[in-house]
Amino acid sequence: MKTLIYSTHSYDKASLVNIIADRHQLTFTEKKLGPYTALLSKGYDAVSLFTSDDASADVLAELKKYDVKYIALRSVGYDHVDLKKASELGIQVANVPEYSPYSIAEHAVAMLLSVNRKLVQSRHLMALQDFRLDMLMGFDIHGKTIGIIGTGKIGLAFASIMKGFGASVLAYDPVVNPQAVDLGVKYVSVDELLSTADIISLHCPLNEKTRHLISKDQLSKMKKGCILINTSRGAVIDTSELIKAIDANKIGAACLDVYENERGLFFEDHTRETIHDPMFARLLAFPNVLITGHQAFLTKDALNGIATTTAQNLDCWQSGKISPNTLTRK
Ligand code: NAD
């Protein structure tokens with residue numbers, strides 16, 4: 001199947017070539033899909049998108065104009081795609097529902113350990129030959145209470161690691177995951193989770209119900225000094241309220257792999273520019289905020305998993321079948 005891969009980066013091209021190129025005709029572009037780049041899809045049956053691409057209604061209408069029939073997402077999340085519009089236009093969209101939940105869960109843990117044990121500060125002090133420990137106090141995760149919002153594949157992997165640390169794990173999810181219950185995770189109300197957890201990690205998708213799920217009210221209910229981790233989607237947190245809560249010393253530390261206004265910022269080189277985003281600048285300035293640029297998925301295992309499922313989605317469409325990972329109306 002003739003497929004245009006948008007938003008190609010050096011790190012994902014190799015796995016896509018190795019796993020897919022023997023059976024599908026791939027063309028790679030570093031450009032992101034958007035209103036001005038939809039034209040590139042002319043002559044392709046399918047396009048493949050990453051989370052930084054824009055597949056809103058108008059852009060989908062453009063793709064339809066160029067006779068694109070399929071969209072293979074190289075992500076779990078699909079909040080960047082107007083699925084209703086895609087269904088109306090008869091464009092089939094499929095995602096990669098699971099590649100390596102461990103990659104994201106392990107990154108969340110890496111961020112947590114880094115802020116708790118002040119590893120970034122320690123690295124800087126070491127370089128200055130300042131071997132004092134006064135600034136580097138952390139706490140044991142063993143015996144603490146962890147709150148997980150969203151206990152799907154990634155939330156479950158995170159819960160399992162936290163159990164290994166000897167922490168007790170509370171969760172909120174409208175759908176109870178029996179594997180989490182087997183692990184000893186206790187489901188509670190959001191309010192109980194917010195008010196009792198020492199560490200809160202977000203693993204729910206972004207949709208209309210979860211946009212700004214963590215805002216002023218929820219932040220005010222958290223324990224003073226709580227560590228908040230977000231590897232889900234930036235807009236699950238109301239960033240301006242988070243900034244106020246950090247300023248007020250309510251939140252002990254924040255680990256953010258995703259950011260509300262990350263589109264156009266993350267995944268690109270901005271070293272020669274001034275970034276005109278006061279909210280982002282404020283976050284960067286906090287010593288107790290660790291930001292990574294949506295890199296939680298970035299392991300070799302995860303990239304191979306993404307390429308394998310993307311190949312399966314294209315295989316299904318090539319043979320006239322509906323992909324089991326279809327998100328649009330069947
Ligand atoms: P999943 O579908 O397996 O699990 C999501 C869980 O969230 C489900 O159990 C669902 O019931 C729950 N949920 C839905 N609405 C909720 C709400 N209002 N409150 C609490 N829970 C709610 O998905 P997953 O594979 O675990 O991925 C979770 C999210 O992680 C994705 O949607 C994506 O946005 C994000 N993600 C980020 C990266 C990254 O690199 N940072 C990579 C992959 C996925």
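**Close-up views of the ligand site and the domains**

**View 1. Residues around the ligand.** Around the ligand stand 24 residues, and those that come nearest are Lys153, Ile154, Asp173, Thr231 and Asp257. The model shown is predicted. Sorted by class, the shell holds 12 nonpolar residues, eight polar ones and four charged ones.

View 2. Asp173 and Asp257 both belong to the nearest group. In Asp173, a polar side-chain atom lies 2.6 Å from an oxygen atom of the ligand. In Asp257, a polar side-chain atom lies 3.0 Å from a ligand nitrogen atom.

**View 3. A backbone contact and the cover of the ligand.** Phe297 contributes through its backbone: one of its polar backbone atoms is 3.3 Å from an oxygen atom of the ligand. On its own, the ligand has 870 Å² of accessible area, and the protein covers 86% of this.

View 4. The domain assignment gives domain 1 as 2-99 + 300-318. Domain 2 is assigned to 101-291. Between the centres of domain 1 and domain 2, taken over C-alpha atoms, the separation is 30 Å.

**View 5. Contacts between the domains.** How many residues of each domain are in contact with the other? Domain 1 supplies 15 residues, and domain 2 supplies 10.

Note on methods:
Residues are numbered from 1 along each chain as its sequence is written. This is a predicted model: local features need pLDDT of at least 70, side-chain atom pairs count only at pLDDT 80 or more; totals for chains, interfaces and linings use all residues. Side-chain values use heavy atoms; hydrogens and water are left out. A residue is near a molecule or strand if one of its heavy atoms lies within 4 Å of it. A polar contact is a pair of N or O atoms within 3.5 Å; within protein, one must be able to donate a hydrogen and the other to accept it, and residues adjacent in sequence count only if both atoms are side-chain atoms. Accessible areas come from the Shrake-Rupley method with a 1.4 Å probe; for residues, only the protein chains shown count as cover. Ala, Val, Leu, Ile, Met, Phe, Trp, Tyr, Cys and Pro count as nonpolar, Asp, Glu, Lys and Arg as charged, and the others, Gly among them, as polar. Domain bounds come from an automatic or database domain assignment. Contact means heavy atoms within 4.5 Å.
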